[in-house]
Amino acid sequence: MTTTRSTAADTTTAPAANARDLALAHYAARGVLEHVLARHDATFQQQVALRAAVTSDTPQTPDDLLAQVQGSLKADPADIRATLDELLAKQLLVADGAYLRPTGAGRELLAAVGAETAPLSARIWGGIPAEDLAAAGRVLALVTERANAELSALTA
């Protein structure tokens with residue numbers, strides 16, 4: 001028996017994306033990243049919080065970082081505060097008055113993880129036509145917007 005698989009570019013037989021497909025893609029890609037992070041004794045949530053501190057144009061208070069991470073991950077604020085404490089304990093963030101700033105070690109960690117994941121990401125994303133990526137980007141942005149609105153209504 002021969003099985004054929006449709007590709008993203010094959011719109012005549014490709015099934016429509018759904019929530020399960022989105023979740024499977026997310027967890028598959030996250031699994032790759034978490035594998036790399038584990039080699040650096042870091043967690044996904046730590047990486048998200050550290051990236052928020054590193055990429056910010058202005059100094060961030062703990063509450064600023066908490067809000068950014070919560071906006072991204074929808075995680076429990078107590079868990080995010082614990083993550084910030086872990087980053088401080090590992091000296092990947094440092095308290096500077098009212099602000100938390102990334103340390104050289106924190107920047108180096110993100111650079112190392114980025115260098116290790118770059119070839120993996122290239123293999124994962126490589127060869128997907130630009131028009132498919134653009135369509136997926138539009139759909140994912142709309143799904144994110146709608147899911148955020150539903151979550152906001154549920155938690156109001």
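Is Arg-39 buried or exposed? I looked this up first, and Arg-39 counts as exposed because its relative accessibility is 52%. The cut-off for that class is over 50%. I note at the outset that the model is predicted.

**Entry: overall layout**

I counted the elements of the chain and found six helices and two strands. Reading from the N terminus, I recorded the order α-α-α-α-β-β-α-α. I took the extent of the C-alpha trace along its principal axes as about 65 × 40 × 30 Å. Of the 156 residues in the chain, 21% are buried.

I then examined how helix H1 (residues 19-39) lies against helix H5 (residues 104-125). Their axes come within 10 Å and cross at roughly 160°. H1 and H5 are therefore roughly antiparallel to each other, since the class begins over 145 degrees. I recorded the crossing of H1 with H5 as right-handed.

I looked at H5 again, this time with helix H2 (residues 44-55). The axes of H2 and H5 also come within 10 Å, and I noted a crossing angle of roughly 115°. That angle makes H2 roughly perpendicular to H5. The crossing of H2 and H5 is left-handed.

**Entry: salt bridges**

How many salt bridges does the count give? I found five, and I followed up some of them. As background, side chains of opposite charge can pair when their charged atoms come close.

I began with Arg-30 and Glu-34, whose side chains meet in a salt bridge at 2.8 Å, N to O. Both residues lie in helix H1, and because they are four residues apart, about one helical turn separates them. I checked the accessibility of each partner. Arg-30 counts as partly exposed at 24%, and Glu-34 is likewise partly exposed at 32%.

I returned next to Arg-39, which forms a salt bridge with Glu-116. The closest N and O atoms of this pair are 2.7 Å apart. Arg-39 lies in helix H1 and Glu-116 in helix H5, so the pair ties together parts that are 77 residues apart in sequence. Whereas Arg-39 is exposed at 52%, Glu-116 counts as partly exposed at 26%.

I then turned to Lys-90 and Asp-41, whose side chains meet in a salt bridge at 3.8 Å, N to O. I located Lys-90 in the loop between helix H4 (77-89) and strand S1 (93-96), and Asp-41 in the loop between H1 and H2. The pair links distant parts of the chain, 49 residues apart. Lys-90 is partly exposed, with 33% relative accessibility, while Asp-41 counts as exposed at 58%.

I recorded Gln-91 as exposed, with a relative accessible area of 58%.

**Entry: a nonpolar surface patch**

Which residues form the nonpolar patch on the surface? I listed Leu-22, Val-139, Leu-140 and Val-143. Together they have about 300 Å² of accessible area. Helix H6 (residues 130-155) gives the most to the patch, with three residues. I checked Val-143 individually and placed it in helix H6. At 38% relative accessibility, Val-143 counts as partly exposed.

Key. Residues are numbered from 1 along each chain as its sequence is written. This is a predicted model: local features need pLDDT of at least 70, side-chain atom pairs count only at pLDDT 80 or more; totals for chains, interfaces and linings use all residues. Side-chain values use heavy atoms; hydrogens and water are left out. Patches are made of residues with over 30% relative accessible area and no salt bridge: like charges are joined within 9 Å, nonpolar side chains (Val, Leu, Ile, Met, Phe, Trp, Tyr) within 5 Å. Accessible areas come from the Shrake-Rupley method with a 1.4 Å probe; for residues, only the protein chains shown count as cover. A salt bridge is a side-chain nitrogen of Lys or Arg within 4 Å of a carboxyl oxygen of Asp or Glu. Buried means under 20% relative accessible area, exposed over 50%, partly exposed in between (1.4 Å probe, protein chains only). Axes are lines fitted to C-alpha atoms, for helices over the stretch in contact, and angles run from 0 to 180 degrees between N-to-C directions. Angles under 35 degrees count as roughly parallel, over 145 as roughly antiparallel, 65 to 115 as roughly perpendicular and the rest as oblique. A crossing is left-handed if the near helix is turned anticlockwise from the far one by less than a right angle, and right-handed if clockwise.
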